[in-house]
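Dear colleague,

I am passing on to you the structure shown below.

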Amino acid sequence: MKALLKHKKKVLLIFLFCFSFQAYPQNTAGRSKTFTISGHIRDDKGEVLIGANIFTRGQLAGTTSNTYGYYSISLKEGKHILYFSFIAFETDSLEVTLTSDIFQNIILKPKLNTLESVQVSSKEYDQEIASLRMGMIQINNQDLKKIPSLSGESDLIKAIQLLPGIQATGEGLSNFNVRGGNYDQNLIILDEATIYNPSHLLGFFSIFNSDILKSTQIYKGIFPAKYGGRLSSLLEVNLKDGNKSQFTGYGGIGTIASRLSLEIPVFKGKGSILISGRRSYADIFLPLLKNEEVRDNRIYFFDSYIKANYQLNEKNKFFLSGYLGRDVFKYKNDYYVTWGNISGTFRWNHIFSPKLFSNLSVIASSYSYRLGQTSNLSGVEWNSSLADLKIKYDFTWYLNPKNTITFGLSSSYQHFNPGYTISASDSSIFNNFAVPSNNILEHSVYIGNDQTISSNLSVSYGLRASLFQNIGEATVYNFDENFNKIDSSYYAKGEVYNQYAGFEPRISLNYVLPGHAVIKAGYSHMVQFLHLISNTTTGTPLDIWLPSGPNIKPQFADQFALGYQKYVLGKAIKFSIEGYYKRLGNQLDYKDHADIILNPELEGELRFGKAEAYGLEFLIQKKTGNWQGLISYTLSKVTKVFPDINNGQAFPANNDRRHDLSLLLSYDTGNKWEFSALWIFLSGSPTTLPVGKYEFGNVILPMYSERNAYRLPPYHRLDLSATRKGKVRPGKKFYGEWNFAIYNAYNRKNTWIVYFKSDENNPLVTEAYKLYLFSIVPSISYNFKF
């Protein structure tokens, strides 16, 4: 980062040159007048379409709709034919004669038969592939339904884990690693609110209800300039706005959980309300069991969503959305653990002019957990939480058909409470205890431009600058070069005692080739001020978030990527290959035998180094016809070097899994049945094992290998599903379908944890034991809408 900041003037000059290159005619004398046509693009239910393409024939002019479905394009005075397209929707055209600015909303109709080959013009395909950013993948709800799942319910996170460059952290879990990064380096946002833990039931379910998702896109490293704060990926999830014209509902009943969502029109078509809930119900049936060890337990999770919007007029629209989710586990009256997310977002869309769109957001989000033991003598409760409040103002300036400029600013306050304990009773042997809390301020400004340079070449580039500040009240421990505590420093409330600056350029280029192909390249420098402390490689609800500070420097990463994408066989199959190289600095790990649980001097247990990741990603995907599917393969390597770990020698990272292969195949009979099969293969994850024993002071102790010198067995499984579709009857609004699924169909006992025990008869002999989670898991669910 220091090297980049040292040369930031040179980098800034390069970007200023790009911004100044707007391809304007040098001689403006006699130039034709230009006017702007703008509006919103929606489907026939009133939902805005994000990323819809707008283009004209015979000239270099095109744009896409933004997150709120708004589009704007400026053209010369006269007659034009505009085309509006979106995947799985009928392309629409509009003939206009421009003599002044025009505001025109567009409604696109879904294709009646999505199984038929999609007939799309060459221009539309080129427009689509030219608009894709480097490392960005869009996911639609129809794709989610084709993937077999653990419970018969579509799961967004599990679908993402099938994509090249993205790996699950463990069996059935919702955390994921992207291009060699750790799972804390993923920015997950739901209607602009940060989600710090996207999982239920220790990760076997994600918090996202696929029924109410409007759009999802994941960026694997080259983010738009408006986003920052993470190194590896951005997962942007937007909820439906809700049907403005009629009351609708949909949901599902499954073996583990059920869900229901309602869309309610309000204010005579000017607004709508979306309400959605989901709950598991194992705890409801446990009291019916005869086994007292089981029936007195409680285990469940729930999600609740609400979103409201109101269109005041053509220039002003308001949104209010919220999420509340929680997991609860209680073992008799002895132990309990609960965790969950809360988020809320207020947004105001305002159109200053046909060319200038704005959105003001006020966002609050939090994550917390509690772990307790209720025994009188050992009764104690451990609490941990973090909360943030953010305000941001984003602008989109449609300068001309060749340049769409985005800019904005944001400011946030975050409070981190790593942990504190409360005695459950006066007779408890534990005293109240607290790890010092942290407070931070983070401010940022950004500017970016999506620029069309020629009919073949387009470029997206931007700059993001951020200021991170630690503020009091705080107690900070000071350590020497050997990580021994020297003393501590106290800072008063509101006092700024440390700060870091981040400078994050990013650029991606698309060059369209003949034959519906594109070459893509990109670079980004990202900075991350947050760190996750975990005693596992897969993540648990009890992980601890810590901000940077005097003892913990911000993480940073430089990523270079190059890719090629092409449509083949009559545009029915998409083929893509991407290669990447990533350097990561100020990475965090732990000393051997680190104590990270409720340790006020936790920062002394941490060690810092660098990492390197590189790989190749292949994707073959067919999304039309009765037979559909994908082949996703990643070949990658991730290594770390820490001066104070492994004698300073390089070692494989915990997420270094050389081969990652996913095969998905689905077949739709066209009337009643749809079948899907999914096979996954992953190389075994690195691990450190005991390789011997030695005696010290009459105590026999284990001797371990070098860091991550061994690997667990490879992971693989087969999932199957079948969906029995209901009949669609004219005039009948209710529709239902049955889903039958088998998770791990050939009963592969994949290793989840390996642990070791000394032989009872010979303490010098160590025996290894494998723990696995699932054998064959069948499920059945019924999904409906009305």
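The notes below set out what was found in this structure.

To begin with confidence, please bear in mind that this is a predicted model. The mean pLDDT of the protein is 86, and 89% of its residues reach 70 or more. Two stretches call for caution. Residues 1–7 stay under 50 in pLDDT, and the model gives them 10 contacts beyond four places in sequence. The pLDDT is also below 50 over residues 114–124, a stretch with 23 contacts in the model beyond near neighbours in sequence.

Next, the nonpolar cores. The largest nonpolar core has 44 residues, and L156, F176, L190, F208, I218 and L235 are the ones that touch the most other members. Several elements supply at least two residues each to this core, including strand 9, strand 11 (176–178), strand 17 (233–239) and strand 42 (673–682). Helix 5 gives the largest share, with four residues. As a member of this core, L190 is in contact with I195, F208, V237, L239, Y305, Y323 and T345, leaving aside its neighbours within four places in sequence. Another core, of 26 residues, lies apart from this one and has I440, F529, I544 and L546 among its members. As background, nonpolar side chains tend to be buried together in soluble globular proteins.

Strand 9 runs antiparallel to strand 16 (residues 213–219), and four bridges join the two. Within this pair, M136 has Y219 in strand 16 as its bridge partner.

Turning to charged side chains, the count of salt bridges comes to 27.

K79 and E95 form a salt bridge in which the closest N and O atoms are 3.8 Å apart. K79 belongs to strand 5 (residues 78–85) and E95 to strand 6 (residues 92–98), so this pair ties together parts that are 16 residues apart in sequence. K79 counts as exposed because its relative accessibility is 59%, and E95 is exposed at 51%.

D191 and K307 meet through their side chains in a salt bridge of 3.4 Å, N to O. D191 lies in the loop between strand 12 (186–190) and strand 13, while K307 is in strand 21 (residues 298–313), so the pair ties together parts that are 116 residues apart in sequence. Both D191 and K307 are buried. These two residues also belong to a network of salt bridges that links D191, E192, K214, K226, D241, K307, R347, K392 and D394.

D719 is buried, with a relative accessible area of 1%, and R717 counts as buried at 12%.

Finally, a note on one further residue. S781 is placed in strand 51 (residues 777–785). S781 counts as buried because its relative accessibility is 3%, which is under the 20% cut-off. Not counting residues up to four places away in sequence, S781 touches S151, G152, I253, G254, E737, W738 and N739.

With kind regards

How values were computed:
Residues numbered from 1 in each chain as written. Predicted model: local features only at pLDDT ≥ 70, side-chain atom pairs only at ≥ 80, totals over all residues. Heavy atoms only, no water. Buried < 20%, exposed > 50% of the residue type's maximum accessible area, 1.4 Å probe, protein only. Contact = heavy atoms within 4.5 Å. Pairing = 2+ DSSP bridges. Salt bridge = Lys/Arg side-chain N within 4 Å of Asp/Glu carboxyl O. pLDDT = per-residue confidence, 0-100. Core = buried A, V, L, I, M, F, W, Y, C linked by side-chain atoms within 4.5 Å.
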